[in-house]
Amino acid sequence: MDHPTPGPVPPSRSLVPPPARPPSRGRRWLGALVTVLVLGGLVGGSYYLVKRPAETPAGFGMGPRPGGPGGPPGGPGGFGMVTVGHAAVARAQIPITLDALGTVTPTATVTLKPQVGGVLTEVLFTEGQTVRRGQLLARIDPRPYEQALMQARGTRMRDEAQLQAARVTLARYRTLLGQDSIARQDVDTQAALVQQLEGTVTSDKAAEAAAAVNLEFTRITAPLTGRIGLRTVDPGNTVAASATTGIAVITQMNPIDVQFAVPQDRIPEVQDQVRGNSKPTVAALDRTRSAVLDTGSFSTLDNVVDTTTGTVKAKARFANADGKLFPNQFVNVRMTLRTLDALVVPVTAVRTGPQGPYVYVIADDRSVSMRRVKRGEATVDVVAVTEGLQAGELVVTEGGDRLSEGARVRLQGEVPPAGPRAGGGRRNGQGAAAPAAGAATPANAAAAAPAPLPVRPGASGPQPPAATAPAPSGQPPAAQPESTGLPTAEQRQRMLESVKDDPEKLAQRKQFLEALDRGDPQALARWQNLQQRRRPGS
């Protein structure tokens, strides 16, 4: 069957798509312009977010500014002000310490090994008991050694009798020799026999003493005062003389030593303290460094430096009256080398810049200035400042990353004065705008100005005021801030119960509460931040 030959495809039904038109020049310029605008908006938004605290619009919740309307941003009472933590520069005694990891080593360890063999008949101690020097601990069957002692004693008595008879005979021979009735050879022979018997008696005495010592060895006593370990042999077993394992091990617990490593760079400083007859104080801390197990004194240094670590072994002695230090226990060692009297600030107050360390100093008008300082010795909490600061000055401890030279700040615990609203105050009958509540006026300008915080006795920095001064007569009372005092007993109990299953967090909570009771400015600032976060609307 013949199939028809397909004809040409019409142009409208062609499967090949028409060629795409190239975009016009106007569309390309429009796309490039949109891209540039988008990138510019992103850059501008980023800049605004970074510089927003220092560029608050004028009149937005602010009072009068020192430069008149439209003055510098961040003025008093403005929302652009940064709330910072602060502390006062104070003079304190800084302990210069050396921290290291130490191992508790007993001053003496003795393994009770029997000196004679036999059957162990009695064990008179309890495992883990504290024994005294000379205390009877175990007995070995003494009967074989008693018989040996009796035999040695009998041999000595027999030889002493023979010696006595030989001495009598020698005296008789000497008398006969004086009468020329006996030959001199017989006298000399008898004298030699006496000396021979004297030697035999001396040997017998030594054998008797050895038998007495072996009999004494059947009583195993404590050679020192200490804690006895686990028993390795039960009564009824036969023990051998100088057995490898022994019966038990006694370790002296009081006093006890702690061995640790001292860097070779600190060796001269340690030696100077030892030569001055003032041995440094050494504290043994637990694993978390939160509790002091015992306090002792430095003993001595080793006579060689370990070339692999660059340290030298040192040893400190502790009384260990409470038994908190246990042999072979790992502890944290803190040795106090000396005490330094200097001006101190919290560690968080000192920052490092291109030109070295610096701090932000808070002036009386709550403006901050950057000041270079020279850093000295430091501890975990504070650092000594040798140059650049004076006692009583306020420095920024928290929030310094958002500050710049001349910025205005608000201290933690201070309540900002209320400024005029954005829409203006309520107008009176004459059409003049009446001042809004809390606005700064000549009458209450002095009351609205921030004042330096008082210093609590015993605290290292200024503390927030306990109450706000009453408003002047004829004006509405200002809003009182919430209490910024110490936590209540209920809050303390709730804070401790929430972490009672975690020992580390429980220790940290206790330290935080103790710091609050001492008036630590950092702890108080942290507590105030927690309280402000819990307020409605914060």
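A polar contact here is a pair of N or O atoms within 3.5 Å; within protein, one must be able to donate a hydrogen and the other to accept it, and residues adjacent in sequence count only if both atoms are side-chain atoms. Take Gln273 in helix H4: its side chain reaches the backbone oxygen of Leu337 at 3.4 Å. Leaving aside neighbours within four places in sequence, Gln273 is in contact (heavy atoms within 4.5 Å) with Ser278, Lys279, Pro280, Leu337 and Arg338.

Before going on, a word on the model. It is predicted, so to speak of a local feature needs pLDDT of at least 70, side-chain atom pairs count only at pLDDT 80 or more, and totals for chains, interfaces and linings use all residues. Residues are numbered from 1 along each chain as its sequence is written, and side-chain values use heavy atoms, with hydrogens and water left out.

The protein has eight helices and 22 strands, which are DSSP runs numbered from the N terminus (helices: H or I, at least four residues; strands: E, at least two). Of its 538 residues, 31% are buried, with buried meaning under 20% relative accessible area, exposed over 50% and partly exposed in between (1.4 Å probe, protein chains only).

Now for the inside. A nonpolar core is a set of buried Ala, Val, Leu, Ile, Met, Phe, Trp, Tyr and Cys residues joined through side-chain atoms within 4.5 Å. The largest one has 22 residues, and Phe260, Phe318, Leu325, Val331 and Met335 touch the most other members.

| Element | Residues |
|---|---|
| Strand S2 | 90-106 |
| Strand S11 | 256-263 |
| Helix H4 | 267-275 |
| Strand S12 | 281-285 |
| Strand S13 | 292-301 |
| Strand S14 | 311-318 |
| Strand S15 | 330-346 |

Another core, of 19 residues, lies apart from it and includes Val116, Leu137, Tyr145 and Ile250.

Asp141 sits in the loop between strand S6 (136-140) and helix H2 (143-178). At 17% relative accessibility, Asp141 counts as buried. Its side chain joins that of Arg143 in a polar contact of 3.0 Å. Beyond four places in sequence, Asp141 is in contact with Val119, Thr121 and Thr218.

Last, a helix pair. The axes of H6 (residues 489-497) and H7 (residues 503-518) come within 9 Å and cross at roughly 155°; axes are lines fitted to C-alpha atoms, for helices over the stretch in contact, and angles run from 0 to 180 degrees between N-to-C directions.
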